[in-house]
Amino acid sequence: MIDDIVHGGPQKRKQYPSFNIKDKNGIIITVGCDYDDYFYFGLKSNKNKILDKEKVKSIVCLNEKCYVDREWLFYRYFDCPDDMAIDIWDFSMNGTFRIINPNKRRETVKKYLDDMENTIYKEFKIDKLVR
């Protein structure tokens, strides 16, 4: 999908890549990228009916890095060092350029996954809010 966006011409560049991950508790985590921004992750309201939505929103609203709206229980941009920040449309950025190397890509993906897991399971303890 990213290759298609980067090399597919102007129409393809208007895509907003995203995908869902279902964890062992049935929580569906959405990971995506906006055209003008970096990668984000979060929980969409309509995909997570198993969660106590009010409790989730009350926990995440205390975090200034999170956004909440009608569509999302919360979403936030990945919190990674500048040298690992990725903007898939800007290869002049060190973080984006470095993912060409498979070892650096694995290192970057691990950093992003650690940030997502720490936020969802350690900081917010979302898995404890399954009904």
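Buried means a relative accessible area under 20%. That cut-off comes up again and again in the close-ups below, all taken from a predicted model.

**View 1. Trp72 and Tyr75 make a tilted ring pair.**
Tyr75 has a relative accessible area of 19%, so this residue still counts as buried. Trp72 is buried as well, at 7%. A pair of aromatic rings is described by the distance of the centres and the angle of the planes.

**View 2. Tyr67 and Tyr77 meet edge-to-face.**
By the ring-pairing rule, the structure has 12 aromatic pairs. In this one the ring centres of Tyr67 and Tyr77 are 6.3 Å apart and the planes sit at 80°, so the pair is edge-to-face. Tyr67 belongs to the loop between helix 2 and strand 4, while Tyr77 is in strand 4, so the pair ties together parts 10 residues apart in sequence. Tyr67 is partly exposed at 40% relative accessibility, and Tyr77 is partly exposed too, at 23%. Back in View 1, the ring centres of Trp72 and Tyr75 are 5.2 Å apart with planes at 55°, so that pair is tilted.

**View 3. Six aromatic residues form one cluster.**
Look for Phe39, Phe41, Phe74, Phe78, Tyr112 and Phe124 here. Two of these names, Phe41 and Phe124, come back in the next view as contacts of Thr119.

Skip the neighbours within four places in sequence, and Thr119 is in contact with Phe41, Arg76 and Phe124.

**View 4. Glu71 and Lys44 join up in a salt bridge.**
Side chains of opposite charge can pair when their charged atoms come close. Between Glu71 and Lys44, the N to O distance is 3.1 Å. Glu71 is in the loop between helix 2 (53-60) and strand 4 (72-77), and Lys44 is in strand 3 (residues 39-44), so this pair ties together parts 27 residues apart in sequence. Glu71 is partly exposed at 44%, whereas Lys44 is buried at 18%.

**View 6**
The structure holds 6 salt bridges. Asp114 is partly exposed, at 29%. Asp127 is partly exposed at 23%, while Lys128 is exposed at 62%.

Conventions: Residues are numbered from 1 along each chain as its sequence is written. This is a predicted model: local features need pLDDT of at least 70, side-chain atom pairs count only at pLDDT 80 or more; totals for chains, interfaces and linings use all residues. Side-chain values use heavy atoms; hydrogens and water are left out. Contact means heavy atoms within 4.5 Å. A salt bridge is a side-chain nitrogen of Lys or Arg within 4 Å of a carboxyl oxygen of Asp or Glu. Helices (H or I, at least four residues) and strands (E, at least two) are DSSP runs, numbered from the N terminus. Buried means under 20% relative accessible area, exposed over 50%, partly exposed in between (1.4 Å probe, protein chains only). Rings of Phe, Tyr and Trp (its six-membered ring) pair if their centres lie within 6.5 Å; planes under 30 degrees apart count as stacked, over 60 as edge-to-face and the rest as tilted.
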